[in-house]
Amino acid sequence: MKNSLIKKIAIILLAAAAAIGSWYVFYWSKTPAYAAGEIQQALKKKDLQLFKERVDLEKVYSAAVDDTASYLASDGKPDHALAASVLKMLKKQAVDELIRQTELKFQGQGDTGSSGKAGKIMSASLGSAALSMTDMLDIKEEGPKAIANVRIHDKKLDRDFIWQVQLEKDVNGNWTATRILNLKDYLKEREEPVK
């Protein structure tokens, strides 16, 4: 009688464990919150492979180059208009350089200095070497897309900024970061003096 009760309890516990495991694999691991957590873990552990799985570097940096060029072209400064033209012409090289710098940073090599004019323009505009993610504030799922509000700290300016990071499902149904939606606002804020 006692062995029979123990077997029934063991079966119930195994079934519960299987249900929880299934929920984790089929639901939780396919949420934008899970993806955001993995991005944070990748940054903390310097796991480049995981970071690349959860951040589409090509899309993020391509959009960042476009937004930076657009911002520079619209701010009325002649030297920025020239920089915007250079960025547009050298977009592919700028994206490649930003990806290279990301890989070097994950390998612990830090900022080795951007090569090429487009890379230097992007680094100067974004302050990328001095940026670090400090907190994931919240995530809102909106149909096939989600927006994560991320606190970024700029060590050079000693200021925090909030980035709205867009996540989308990739071909495997996993959420990945694809764009910084408010990058132009961030660029404008970086130029404003600290109040």
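Contact is taken here to mean heavy atoms within 4.5 Å. The structure is a predicted model, in which local features need pLDDT of at least 70 and side-chain atom pairs count only at pLDDT 80 or more, while totals for chains, interfaces and linings use all residues. Residues are numbered from 1 along each chain as its sequence is written, and side-chain values use heavy atoms, with hydrogens and water left out.

Residue D67 belongs to helix α4; helices (H or I, at least four residues) and strands (E, at least two) are DSSP runs, numbered from the N terminus. With a relative accessibility of 8%, D67 counts as buried, a class defined by under 20% relative accessible area, against over 50% for exposed and values in between for partly exposed (1.4 Å probe, protein chains only). When neighbours within four places in sequence are set aside, D67 is in contact with R179, I180, L183, K184 and L187. With R179, D67 also forms a salt bridge, in which the closest N and O atoms are 2.9 Å apart; the term denotes a side-chain nitrogen of Lys or Arg within 4 Å of a carboxyl oxygen of Asp or Glu. This pair links distant parts of the chain, since D67 is in helix α4 and R179 in strand β4 (residues 175-180), 112 residues apart. R179 is partly exposed, its relative accessible area being 30%.

In the whole structure, eight salt bridges are found. Side chains of opposite charge can pair when their charged atoms come close. One of the eight joins R54 to E38, with 2.7 Å between the closest N and O atoms. Because R54 lies in helix α3 (residues 48-54) and E38 in helix α2 (residues 32-45), this pair ties together parts that are 16 residues apart in sequence. Both R54 and E38 are buried. A further salt bridge is formed by the side chains of D154 and R190, at 3.0 Å from N to O. D154 is located in strand β2 (residues 145-154) and R190 in helix α8 (residues 183-191), so parts 36 residues apart in sequence are tied together by the pair. D154 counts as buried at 0% relative accessibility, and R190 is buried with a relative accessible area of 15%.

The largest nonpolar core contains 40 residues, of which F51, V55, Y61, W163 and Y186 touch the most other members. Helix α4 (residues 57-74) supplies the largest share of this core, eight residues. A nonpolar core is a set of buried Ala, Val, Leu, Ile, Met, Phe, Trp, Tyr and Cys residues joined through side-chain atoms within 4.5 Å. Apart from neighbours within four places in sequence, Y61 is in contact with V95, L98, I99 and T102.

Residues V95, L98, I99 and T102 are among the buried residues of helix α6, which also include A94, E97, Q101, L104 and F106. Helix α6 (residues 91-106) has 16 residues and reaches 23 Å from its first C-alpha to its last, close to the expected 22 Å, a span given by 1.5 Å times one less than the number of residues. An α-helix has 3.6 residues a turn, so residues three or four places apart point the same way. After α6 comes G108, with a positive phi near 80 degrees.

I9 is placed in helix α1 (residues 2-26) and counts as partly exposed at 44% relative accessibility.
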